[in-house]
Each structure stands twice: as structure tokens, then as C-alpha cells.
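Here are some friendly notes to read alongside the model.

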Amino acid sequence: MNKYLRETTKHDIDLLAPNLRTADRNECLAATGCEPHAIMLEGLKMGDKTLTMVAPTGIPVGLLGVGKSIIEDAGAIWLVATDDIEKYQITFLRHSKKVLKELQQDYLALHNYVDARNSLHIKWLKWMGFTFINKFERFGVEQRPFYEFVRITNVHTSNSSNSR
């Protein structure tokens with residue numbers, strides 16, 4: 001890890017959940033109907049990797065992680081942040097590709113869905129090399145438009161079903 005990224009704790013979630021960006025909070029509610037705090041705790045409990053993004057001031061500004069997908073050899077990647085992420089966007093972007101490499105190392109592909117209203121995440125996903133493969137006009141409990149995205153990795157470094 002580095003000084004801008006650390007393993008997530010429950011305390012990080014307690015600090016971040018009430019301060020999430022409106023778009024991130026809305027995305028959680030639209031997709032699942034659950035409060036972001038509960039979703040983040042589940043991500044910490046069930047995820048393979050859950051990391052806290054920390055501002056140069058030491059304050060947590062976001063969480064990201066990856067967990068096993070129902071798709072074989074794929075991971076479901078996710079990200080939530082506070083409005084402060086925009087204050088530190090250069091630092092965040094500078095470290096994003098290295099973090100993505102770490103998150104994807106055990107998977108042949110990363111994928112998930114993003115609320116079509118969450119323009120900041122859509123812009124970041126495109127910059128990170130994800131491909132948008134589908135638009136669902138009625139997705140999640142709120143039946144809102146969501147995009148499905150994926151990123152295929154070049155190298156699979158863990159034991160896949162093909163190498164067992």
C-alpha cells in the first residue's frame with residue numbers, strides 16, 4: 001500500500017457512508033434499495049479486496065473494491081466516494097491504474113453496472129479502459145437506466161479453472 005491507500009476498516013465505512021457523493025448514494029439506492037452503509041459493510045465482509053482512498057490530509061475520501069462475480073474468473077469492481085474526491089482528483093487519478101492492476105490480478109475480467117446518472121464514475125471508467133457493453137433502461141429496484149461495463153485483463157496470474 002501507499003499513504004493514499006490502505007485496507008478498509010469498519011471505522012472508514014462509518015466515516016464515509018453519511019458523506020457520500022449524492023450520485024453514489026443514489027446509485028446504491030437505485031440498484032439495491034439498500035443504504036450505502038450496509039452495502040459497504042457487505043463489500044468489506046464479502047469482498048476479496050476492499051481499499052480506502054485517503055486524502056493527503058489523512059482523511060478517507062472513498063472506498064473501492066472487488067469481489068467474486070457470478071461469472072467464472074471475473075470480479076465485480078465498485079467504487080464510492082465523498083465530494084472530497086474531486087479536491088484530490090489528480091492524486092486519485094495518478095494512483096488509479098496501479099490500484100486497478102492490483103484489484104484485477106486474480107481475475108480474467110472485471111465488470112459491474114453504473115447508474116447512467118453517475119457521470120463522474122462513467123468518465124473515470126472510460127479513462128481506466130473499461131468498455132460499456134450494454135445499457136439497461138430499467139435496472140435495479142428503482143428501474144433506472146444503468147450501463148454494464150467490463151475490462152478484460154491481459155494476464156491472469158492466479159490459478160484459474162484452466163490451470164488446475
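1. Two strands count as paired if DSSP finds at least two bridges between them; helices (H or I, at least four residues) and strands (E, at least two) are DSSP runs, numbered from the N terminus. With that in hand, strand 2 (residues 49–54) and strand 3 (residues 60–68) pair in the antiparallel sense over six bridges. Proline 60, in strand 3, is the bridge partner of valine 54.

2. A word on the basis. This is a predicted model, where local features need pLDDT of at least 70 and side-chain atom pairs count only at pLDDT 80 or more, while totals for chains, interfaces and linings use all residues. Residues are numbered from 1 along each chain as its sequence is written, and side-chain values use heavy atoms, with hydrogens and water left out.

3. The sheet is open and mixed in its pairing, with seven strands in the order 1-2-3-4-5-7-6. Strand 1 (5–7) and strand 6 (131–139) are at the edges with a single partner strand each, so one side of each has no neighbour in the sheet. From one strand to the next, the twist averages 25°.

4. Two helices lie across the sheet. Angles here run from 0 to 180 degrees between N-to-C directions, with axes fitted to C-alpha atoms, for helices over the stretch in contact; contact means heavy atoms within 4.5 Å. Helix 4 (residues 89–104) runs at about 170° to strand 2, and helix 5 (residues 119–127) at about 155° to strand 5.

5. A nonpolar core is a set of buried Ala, Val, Leu, Ile, Met, Phe, Trp, Tyr and Cys residues joined through side-chain atoms within 4.5 Å. The largest has 24 residues, of which Met53, Leu64, Ile77, Leu103, Leu110 and Phe130 touch the most other members. Helix 4 gives the most to this core, with four residues. Apart from it lies another core, of eight residues, including Ile13 and Met40.

Definitions and conventions
Buried < 20%, exposed > 50% of the residue type's maximum accessible area, 1.4 Å probe, protein only.
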